[in-house]
Structures are given as C-alpha cells and as structure tokens.
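Welcome, and thanks for taking a look at this one with us.

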Amino acid sequence: MYKLGEQFKINYDNAVANEKSIFQGKKYRITILTDRLVRFEYNDEGVFEDRPTALVWNRKFNVPQFEVKEDSKFLEITTKYFKISYVKEKNYSGGRLNATSNLKVELLNSDRFWYYGHPEVRNLGAPKQQLVNKRGKYEFGRALYSTEGFASIDDSESKIISENGVFIDRPSQTIDTYVFMYLNDYQLCLQDYYELTGYPALIPRYALGNWWSRNESYNDETLKDLIDQFDYQEIPISIVLLNEEWHLNSYDKKKNLKTGFTFNKENFKEPYDMISYLHSKGIRIGLNINPLQGIYPYEEYYENAKKYLEPDEAGIIPFNALDPRFIDVYLKMMIHPLDAIDVDFYWIDINNDINKFNNFVLNHYHFYDMKRSYKRRPMILSNNARVASHRYPVLYSGKTLVDWETLKLIPFFNGSASNIGVAWWSHDIGGYHKGIEDNELYIRFVQIGVFSPILKFGSQKGKYYKREPWRWNIKTYNIVKDYLTLRHRLIPYLYSEAYKYHKYGSFIIEPIYYRYKEVYDDLLYRNQYYLGSEFFISPILTKKNHVMNRVIHKFYIPDGVWFDFVTGKKFPGGRSYVSFFRDQDYPVFVKAGSIIPLSNEENLFDTTPPKNMEIQIFPGRSNTYQLYEDDGMSDLYNKGFFIKTNIDYNYLPNNHTVIVRATEGKSGIIPKFRNYKIKFRNTKQPEEVITFVNDVQVKNRHYTEGPDFVVEVDNVTTIGQLTVNCKGKDIEIDAIRLINDDIEGIISDLTIETEMKERIDAVIFSDLSIKKKRISIRKLRKKGLDQKFIKLFLKLLEYIEQV
C-alpha cells in the first residue's frame, strides 16, 4: 500500500467500538454508541466494518446505560432516549406494507418512531453547496436537525480510509446507517455527531477579519497599490485571495486554463517578496487552484513530476484524486513549493456538481497536508463536498448575483448550515456579478457580513463592480469603514466563540427556530439568529422607505432583557417590535449582563491578541465570559500554548464589579501587559471607583462617554487579576427604547417646514385615538402637507397601533 505521509494517518484504534456496546448476529450488527446514537449494519455475508470511513473516524465511545431483552428471535434495547425492537437476522427493511415489522426505533417520551427507509420529511435540511441553484432557489440536503427529533445518516457508500490515509472501496455491499434519536436535545445530538466524525477545526485567527478577493489580474504594482489604499483609508483587511490569473495558464493553443501552480513572473517577478510585503502588513494570502485539468508542461516542476506520473499524448499529466501516487506528487511538487514561499492557504475552486468526491478528496488531502508543520494552522476555502464539512473550513457559496434577493437568502442559509453542524460559510459581500451596484444594497451586505462567521469581498472582473469602500459616495464610505473596523475589533469575541465551537461544539450561528420552533414557518422572523453566546441579530433584508429615509423593520426579541449594541436602548423580550433604521443603523442586540471583549488597537490590520483591549459590560445580571487566546497561527494550542481569561461581572443595581483574571494556560502567548478600557454601558458616574491589580490598589482614569461610564487601567499583567469596582446610588440608566424617539427622529429629518413638523408632532403624540389621529393627519393636506408625507404618517400610525 502506498504511503502518503504521517499527516494523513487516521487512528484505527478509535474506529473500533467497545465490544460491550455491540449486539451481533450472522448478518446484523447493532452498536449502541450513546444513549442517543445507534449504528445499524446489515450484510448478507456477515462482513462488518471497523475501519474509519470518509465520514466516520471514531466509534470508541464510553458504553452508555441501556437495558436489554432478547431471546433467540427478538432483540429489544432501551436507552434514555429510544427503544429498539428487532427481529433477529431479518433485513432491516420491513417492506411497504409494514415498514416496522423487522426494525422499529421508538423515540421515548413522544409518539414518534424511526424505521429503515423512513422518509424523514420533517428534516429541515442543510445547504448542499451554493447559495442558490440555477433557478435562484436554495438546494438543501438531509441534515441532523428535524422537528421529529431524530435523523439518520447513511454511511453505506462511503469509502474506507486505509491505515496509510488512502481512500479505498468497501469489500462488499452493506447497510451501514447511523441514527440519532435526540427528541429536543439537538445540541447533544451535535456533540454525538462531532465525536463520531471529528470536532470542527479551529480556524486561524486572521480568518475572522475582512477578506479581499476580486477576479482581477493583479501584479506587483496593482496589488501594492490596493494594499496601500486600504492602509491610507485606515480600513483593515486580513486576507488577500488571488483568483484565477496569478499563475501560468496558456499551453499550445489553450488559453485561460484553470489549472496552474507556477506564478506568472510577468505579473509577480518575485512572488516571495510580494508575499513577504503582505505579511509585513499583517495580511495573509490565499491562492485559487483547480487541478482537475491536470498538470501541464509549463509548471516549474513538471519534469520532476513526469518521472513519477505518465503524461497523456498531449504531454499533460491527468488528474486522479484516488491515485495516491498522483496525490503524493501533486502535493510535493505543485503545492509544497508554494508553501515554501509562505503561501498561507488555498482556495480549491472546482465544480462539485460533477466532481463531488474529487472535491472531498482534495479538501481532505490539502487540509491534512498542512498538518505536516505545526507552525501553520490548516485552513482551506472550497465548495461544500458534503462529507463532514465542519472538518474542512472554510466553505464558499459560489458566484451570486448582485441583488436584494441574494442578500435575503444569506441569513437563512447560514442558520440552516447549523442543521448539519457547519459554521464557516463565506459569501461574496455585495454579490459576485451582474445586477446593479447600489449604495444601500452594498451597505446592507457589509453589515450582515460583519455579523456573519466569515466576511469575504468578491466580485467578477470589471471596473464597474465597486467593492472598494472608497469608490462609493462619502456617506456609504463612512458607514462601511465603520462596520469593517468593527469587524476587526470584534475578533477577540469571535475567536473565543470559534474556540468554543471547536472544543465543545457550541453554535457560532444558532437560528432562532432552535429555541422558538414555531418561528420556522414565519418568513418575517426565521432569518434572525444568535451569533455566539452574547449577540442576537435581526438582519435588514429590504429596501428603505425613501420618503422617511429609513427601513421599516419588524423583529422579535427573545425572552429576557436585551439592549441595542450601539445605542444601549433597552428592549424587554418575549415580544415583537417595529423600528425604523437609517443606513448606518443595524438591529444588533445583546442580552442583559453581556460581556463583549473588543480590540482597541490603532493598527487593526494586526489580528494577533491585542495589547489594548476594551470590554463592554451591559447591566442587568451577573455573568462570566471566557476569553480564549493563542498565537492564532499554529497548532501549538494543542500542546497547551494558549491562555484562557475569565471576565466576571458581578451585578448589583448600585454596585458593579468586574474581575479579569487568567485561569488556564501559559504565559508568553499574549502581550505580557495589557491596557484595559472597561466600558459600563448605560451607567452614570458612580460615587466611588476602585481598581486593583492582584491585591494592590492602582490608579485609574474614569469618565463618562455619552450614557456610558468608562474606567481605564494601563499596564495590567495578563497573567494576574484586575478588579474594577464602581459604587453609587442609582448609577444604572434605564434607557428603555421608546417608539416616540424613533418617530421624532423621522419627523426631524424630513424636508418639511418646521411649523408643519410641529403640527404633525402635536397630532402624532396627542392622546387622540389612532382613528382620530388619521383624520387629523389627512386634514393637514389643506395646510400644505404633501400627499407622500400624509401616506407616510398614516403608515407610521399603523405601526404604532401594532405595538
């Protein structure tokens, strides 16, 4: 068997289940993996599989508790979640007339059950690959999340992974199905799935910044000009992706070939120098590759490759993903030379409609090939191969249209990806091609990108596709700059959430319908989602009313008390709201007691753990947030080179205490000392402010910043403890959001004579009934109020009546 390398070996011991969990006959084998997860195998020859497959790598679970009743003909197994009834040696399929006659799995504490061949029509599905298909619709495949409380995964056709990391066929036709019976405990179902298939990879820290990609033929000069412009505009980016034209791509009479692994020296004379320049700016680089057309004679190491692989009649070495010799030569002679000049990662850009398994194989080998050096943490960008895609971040949703319909699809798509445990999807901000470039649409794309797992710009070649923020009008430029800056400031929070996803399987994106199932069929609310543990997002997906110059947006606030992240306005939960959002506004909420760590660095191109950190604290309840940090680039975190810092907030109405303390890890990972800015949201100047580092009282600077109170403490050791205590009577500001404030803002901004504004105000905020207010507004037409404004205020009264 061909040996590919140590980095591709899978632990064979972990693929074998505990024998105490196995019930086996001549043709069947049933394995109780957890009290929610069971494996069913059936093979006429009695051949069962204990090797890892493309999907499943671990079956060595702790033996769960279960009860067994059996005789020579029947087997009954009961766990906390399900009961299996099976007629021994019978094929699992009971036929059309009585599907459960041979095998039935009952979901306890419900009236639901699973059987082999169950249609699972209430499975909500997850994205297959692109954001939309050719008809402009979602294309979903079966996932794990179902309103029935169970789901199955068929592993019968998966290839086996040999001990040397080579994919091989199964020896015989078999049934190999995993059934998840979780009732309402979907988070536990996901944990079982991750234990079975591998936990999500921890992406590099820089991947959480702003990505730049355009299908342009960049060269040394134009790429440097682009980076200099971002630098001059003080708009941070963390990744540059070079699309299809960075490499040689012409051979004989063929032009614009997709395949290529050798830099075009006419564009980049010294690729290493170009990459070093990007790295010096804190920017990482990815390259677009597509090897399906094979290896051409123009490659720098073609002659070496030809010694091991046979070219065809045209001199081209054919692509063969299942030939380990080809993979070995391809990686060592095409990819490793690029690694040697410090390329950070690769965009594997192949059409997986036709080449689904090729897509998976390339994703797998590229990702795990990066593990041969601990210094570079693996990451790829690729289409969704739909086999354990959480193991191979990041996914790309394809070339989308520039239009509002594309924008509307993104939040539901991202949320549905969680139905199969995938978080790291990227979409081209602004859309990729066609359509009409529009200020408002561009702003809303950027805003949703900031509060998505990945923010990636991308567009087709063409000077009229405007993705650079400075190419828009000054208003759009300022709004987009602020949001892109916020994205980089959020990296400490986002990276901590990424770690929790990797380590514990916690959600990055949790759709609202996980907690409120009735919302799934409500097109108005189902696009809302939680971003990590602290944020709740209600994305704006529609155009504004141009008369009021605002979007009329209806949204639902979950149970509890929530605050607008920007304004600090309070929203009591468990109810719907209507609000009016300007271009610069976005409905982002944090729950009471939320703790948000932010970078406070001036140079936000640098995505490493910051020396200057701001921590925003929202009042209302005590809370603890764990900040996770490591070098963000290597795999050393697996060897304990990380640091976890607890941020404890002890809340009393007249006494707020914040304690920042390192709890686990090693020193030397993050800055030795850190300057902290603790911002207590909706808090007045207290009577007393005391700060300690460890047990020593230290000086601080404190002041009010609008409705917030700020305490700054410099040069705090990051492996010690900072304590900030604020005391005072009635220091909390009850900044409840009032719709009157929104309407006053609308009236103020309208191009109406001031005296008319006063008349409108007198009507809108009077004690009259809504019906009489409508009559009074209509009468203002005789006073000169334009009909378009009358329609506007009648609409506003309609919304006021709703709330």
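**Asp 339 and its surroundings**

Setting aside residues up to four places away in sequence, Asp 339 is in contact with Tyr 346, Asp 369, Arg 372 and Arg 376. Please keep in mind as you read that this is a predicted model.

- Asp 339 belongs to helix α5.
- With a relative accessible area of 11%, Asp 339 is buried, because buried means under 20%.
- Two of the touching residues also make polar contacts through their side chains: the side chain of Asp 339 pairs with that of Tyr 346 at 2.6 Å, and with that of Arg 376 at 3.1 Å.

**The chain as a whole**

- The protein chain contains 14 helices and 42 strands. Its radius of gyration is 29 Å, close to the 28 Å that the globule rule gives for 803 residues, so the chain is as compact as a globular protein of that length.
- Along the principal axes, the C-alpha atoms of the protein chain fill a box of roughly 90 × 70 × 65 Å.
- Of the 803 residues in the protein chain, 60% count as buried.
- If you look at contacts between residues at least 6 apart in sequence, 71% of them join residues at least 24 apart.
- The accessible surface of the protein chain is about 33400 Å², and 47% of that belongs to carbon and sulfur atoms.
- On the charge side, the protein chain carries 110 positive and 105 negative side chains. The centres of these two sets lie 4 Å apart.

**Glu 120, a buried acidic residue in a loop**

- You will find Glu 120 in the loop between β8 (113-114) and β9 (126-127).
- Glu 120 has a relative accessible area of 3% and is buried.
- Not counting residues up to four places away in sequence, Glu 120 touches Trp 114, Arg 142, Glu 148, Phe 150, Ala 151 and Ser 152.
- One of these, Arg 142, makes a polar contact with Glu 120, side chain to side chain, at 3.4 Å.
- Ser 152 is joined to Glu 120 by a side-chain polar contact of 2.5 Å.
- For a sense of scale, Glu 120 and Ile 670 are 550 residues apart along the chain, and their C-alpha atoms are separated by 48 Å.

**Ser 496 in helix α10**

- Ser 496 sits in helix α10, which covers residues 491-504.
- Its relative accessibility is 1%, so Ser 496 counts as buried.
- Leaving out residues up to four places away in sequence, Ser 496 touches Tyr 625, Gln 626, Leu 627 and Tyr 628.
- A polar atom of the side chain of Ser 496 lies 3.0 Å from the backbone nitrogen of Tyr 628.

**Backbone geometry to check**

Most residues other than glycine have a negative phi, and most peptide bonds are trans.

- Between Pro 393 and Val 394 the peptide bond is cis, with omega near 15°. Val 394 is placed in the loop between β19 (380-382) and β20 (395-396).
- Arg 386 lies in the loop between β19 and β20 as well. Its phi is near 65°, a positive value in a residue other than glycine. At a relative accessible area of 32%, Arg 386 is partly exposed.
- Asp 342 is not a glycine, yet has a positive phi of about 75°. Asp 342 is in the loop between α5 (324-340) and β18 (345-348). With 33% relative accessibility, Asp 342 counts as partly exposed.

- Leu 738 lies in the loop between β42 (721-727) and α11 (739-749).
- Leu 738 counts as partly exposed, at 45% relative accessibility.
- How far apart are the C-alpha atoms of Leu 738 and Lys 570? They are separated by 9.0 Å, although the two residues are 168 residues apart along the chain.

Key
Residues numbered from 1 in each chain as written. Predicted model: local features only at pLDDT ≥ 70, side-chain atom pairs only at ≥ 80, totals over all residues. Heavy atoms only, no water. Helix = DSSP H or I, 4+ residues; strand = E, 2+ residues; numbered from the N terminus. Buried < 20%, exposed > 50% of the residue type's maximum accessible area, 1.4 Å probe, protein only. Polar contact = N/O pair within 3.5 Å; in protein donor to acceptor, adjacent residues only side chain to side chain. Contact = heavy atoms within 4.5 Å. Rg over C-alpha atoms; globule rule 2.2 N^0.38 Å. Areas by Shrake-Rupley, 256 points an atom, 1.4 Å probe, with all protein chains shown as cover. Lys, Arg positive; Asp, Glu negative; His and termini not counted. Charge placed at Lys NZ, Arg CZ, Asp CG, Glu CD.
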